[in-house]
Amino acid sequence: MFQSAPTDRRRFLRQAAGSFLGVNFASQNIFAGSAIAPGRRKPKQVIYLFMAGGMSHIDTLNPRPDAPDEIRGKFAAIKTKADGVLLSETLPGLAEHTDKAVIFNSLTSTQGAHQQGQYYMQTNYTKRGTIAHPHLGAWHSRLSGKGNETLPGFVRINGGSSAPGGGFLPAKYAPLDIGKPEAGLENSAHYKGVGAPALDQNLALARRLDRKFRERYADRRVSAYTAMYDDAVKLMRSGDLEAFDLGKESEEIRERYGDDGFGQGCLLARRLTERGVRFVEVRLGGWDTHADNFERVTEKTATLDRAMSALIGDLASRGQLEDTMVVLASEFGRTPKINQNKGRDHYPKAYSAMIVGGGIKGGQVYGTTDSTGAEVEEDKLEVRSFNATVAYGMGADVDETIESPSRRPFTVANKGEAVTKLWS
Amino acid sequence: MKTILVSLLLLPTFAFGASGDIGASVKRLDSAIASALSSKEVEMNPKASDSVWVRRAYLDIVGRIPTADEAAQYIDSKSPGKRDSLIRELLDSDGRASHDFSFWADVLRVPSRVPGQNGGAVMGAYIDWLREKFTLNTPYDELVTSLVTAKGYAGENPAVGFTLRDRGMPLDHMSATVETFLGTQILCAQCHDHPFEDWTQQDFYKLAAFSHGMRSVRSPQGINEKVRAATKGMPKAKRRKLSRQVRSLFAPLKNALVEESSRNLKLPDDYQYDDGRPGDLIVAEVPFGPDADYGKGGSKVDAYAEWMTSVENSRFAMVGANRMWKRLFGVGVLEPVTDFDQVDEAFSRELLEALGELFVSLEYDMRAFTRVLANTDLYSRQAMPLDSEVSYSFAGPALRRMSAEQVWDSMVTLIQEDPDSVRPVTRGRGTRGKLLDSETYRRMTSIDGEQMKANLEQMDTLAKESAAALEPIRKSVESLMEKKREGRGGIDDEAKKVARELTEFSGELFEKFATLAMIDGETGVDRINNPLTNGSRQLAKTLASNFPKTRRILAGSFSRYQKNKGEGGGRKIGKALRAEFRAIRKAKGKAAADAFLKEKRGGDAGQANRQFVRAAWLPQPAPEGHFLRTFGQSDREASMNGNTEATVPQVLALMNGDVFPSLLSAEAKMRRAFDAAPDVSAQADAIYLAILARRPDAEERALVMERLRSNRPKVAEGVLWALMNSPQFLFIE
């Protein structure tokens, strides 16, 4: 049954207790304070900004001013609010917030293809044909519980068509997908002429007409639809539904985030997390700059910098940054050496990410590369450990074991080790 | 090497068309399935009912649910051979080609647009080409060869879209190609030896060397050299100006693919293994199967395609066959279907090989292969739940949620009278760039140096003269605009007069220009971005947007104001019809006139429901937020990127979205059938047959009729709503 590597004794005890005695030790946190089990902290809300396609680390978070021309590229490094922390000149807005941020420059992944790389970054497991792993956001709702009764625990904005979702977890942990943030949650108003009592009647009829079908197939996907109807109706009647309505924000605020799907998505993320949605992913695609890297990075960073700095500023001024962690990540970096098409190719060996807020001690850089951005020199951080760090920051118990329906044990950290010293 | 070398050539081969006798093939496959099941001690499910089977066959082969009539006809038929005759009918239908397109567009990551100049036009031509190939049932090996080896100008050979889709990413393109057609997961080896398989980084680069010579080109080959020769000796400024002219002239010809045999691939700078050094030149070599021999100076990419599709390379047939098996049975005999490196993980290796052999013996005829699969005993069995693709036991086809395209196309079926023939309305002023036809291309590129020099000189003179001649018209337009700003009325006639002058002047200019540029005047010369055309075009734009009445006049010389002549336009009202329409409106009112028009148009369900066109004819993929995307249509970023998981937005779209009101609209097929039913019992039959391809059982009938008897329309509508919102609608049993 247990196909993963041997678990340590403590984990085994916990699993054994959980499965044999019906007692969930994990949630009682009896091992708090030890080095291995960091214990449960107060759950934070998470806004995870995912740069799909592979964000060029050298042209954003890890500028290499001393590298030769064919590596450094055309962007200069600029000083930022935090002493000794440099950013590329493409991120002038974020440069004002580095005092609240930790920049990770020593990430390293084993996955060099988009789908596989994104899967690894977002689930902390490599893609297998045998099982669907949950996204970090689904892990967070599962481990930390819902922060709002009627809103979903995990919302994904501009998520792409086959990004990992709830994985093997029950359907209620799967993300709610929003395609156009400015349109909010589409179709959430009752169909014209059908009031709440009529809707209830119709739903009851639908369920009766479907009974035999449901009984015929004990299928996870069939029962998922039943669960979705429950969730959808709850949501339609939620007083917090207005969280999805960006029209409630002033023009000035909306403009500050940027008049594009990503900017408005970041604003929507703020509205959702402040009402207790645990995890919101906002995706920005188009980073796959094999050709014309510099023009395209200029465009992408303009969108990113504007939205993310507006978000951080907004969260800080509303006093929410302490309880909301903002993560900036990508599936891999891009080759230090510029190719013949003035582009950069996939580069999982060394790349960068950033965490702001959620109680992290800002103004630091974790890990370094050599002067060309090609090799990690200090504090190599594997994907699993970066994700364990994110999970620790979420306030989840990173060692809590969850079993898949086929009774295989999984943990959010997947044996990665969280860099807990970044928190006070 | 994990190669399976089955000596396929030694087996007796049977070739059948879709109409030939396939009895022997079905029998052989049935026995391969039976022995695979018995070795795993799996017992087949009981037979599925006719209604379950007919719905499954329509969804799997045509990609939509059957209409109420189609379902009833099959269920009520007493003919003993009705299964195979329906399968044949479905395989021959238009709907089958639409479904094939949607399926392969997901596999091949086909988008309507890619970045770069003419990206939309190239992809548009490629999409049309693919649709045609599926309509013609082009054999699988031939199709793949055409895609992999396509060279030349996109207007001439639209299949270059396959490679141009990944412009600038040759290594990714190669990895995706071998993964799709050979089930080889070689991508990891781009950066390091494959962690689990035998692929080394060296293997990867050797394979990549085959397609490395394929290069997308900005302007047709040899043109730059000719320009250089033609402008030799001219002053620098003039030379630059003329070169710019030529470049703009050839802009619509961009997007070609050529093979350069001299282009060499080198090992990357960070190559770390002992079998080569960074910078070493790579010799093209295949990692398994027969050798790919390209001889001296031969086309490497042709050799590569020949190796890939070779009968001796048994992976090729098995990968394609397994994919098509999965389409009907829901789960591949090997999962994932792109990982043939793990062939020992197959449910049954013998069955997998049998499928490959069958596909080869049918000469890669996808229609005939599907016909055999659909005729198997296993396909006639009841479905079973699918909890894990890897441990699936094949007691019957898997219960599946429909693909996004199947859900949408089923909605189209409930709305349109003839769902497979409705086409989208294309507006006349298509903003997409246009690809010049191949004849123009050849004429333009065959120009010799002397001729080009003469033409360039003339163009230069013409540009100067026309700029001067255009001045008075420009002044007139300016003065018109001035008057408009001052709010003066009654200037429409003046605007029309100016438009006529501009149209006449430009018509002549464009003709001269077309002659010098050797372009066919019909292809929209005015859209070419060139100093000669820019002046006229700008003025036309100003007139058209400020004085809409001038558009009809401008259409005389400017193609962008011409009405679309394309097929299937919903707004095709002839002049005579329009006059009649007006007369009826005057005499009997608008409702009567609308009814008249609807009757005359026939076929489609009229203005209100024109967005309901099968997914294959919509933009690829549909825009974000579209019903198709909500139900998990692939974004085309990766192969097989669609998703069939349940989500809250899907449920909201079904409950509250605008699809349900469309089903209830007066023109919708569903609604008309419902209204035409003589009594509530017939109404119950009508909606059950339309939505679920069966008649209700006694309990359902009682429940439904009770609601239908209510005289409140909302209560009766609630029955339709409830059926659309019961998950059984979304699943393929």
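Across the interface of chain A and chain B, the rule finds 5 salt bridges, each a side-chain nitrogen of Lys or Arg within 4 Å of a carboxyl oxygen of Asp or Glu. One of them joins R216(A) to E733(B). Their closest N and O atoms are 3.2 Å apart.

This is a predicted model, where local features need pLDDT of at least 70, side-chain atom pairs count only at pLDDT 80 or more, and totals for chains, interfaces and linings use all residues. Side-chain values use heavy atoms, without hydrogens and water.

**The interface**

- On chain A, 60 residues are in contact with 68 residues of chain B (contact means heavy atoms within 4.5 Å).
- The area buried between the two chains is about 5,500 Å²; this is the accessible area (1.4 Å probe) that two parts lose on being put together, summed over both.
- Carbon and sulfur atoms give 57% of that area.
- In chain A, Y191(A), L209(A) and Y225(A) lose the most area to chain B, together 15% of what that side buries.

**Strand 8 of chain A**

- Strand 8 covers residues 324-330 (strands are DSSP runs of E, at least two residues, numbered from the N terminus).
- 7 of its 7 residues are buried, so the strand is largely enclosed by the rest of the structure (buried means under 20% relative accessible area, with a 1.4 Å probe and protein chains only).
- T324(A), V326(A), L328(A) and S330(A) point one way, while M325(A), V327(A) and A329(A) point the other way.

**Its neighbours**

- Strand 1 (residues 45-51) runs parallel to strand 8, joined by 7 bridges; Q45(A) stands opposite T324(A).
- Strand 11 (residues 351-357) runs antiparallel to strand 8, joined by 4 bridges; there, M354(A) is the bridge partner of L328(A).

How values were computed. Residues numbered from 1 in each chain as written. Chains lettered and ligands numbered in written order. Buried < 20%, exposed > 50% of the residue type's maximum accessible area, 1.4 Å probe, protein only. Pairing = 2+ DSSP bridges.
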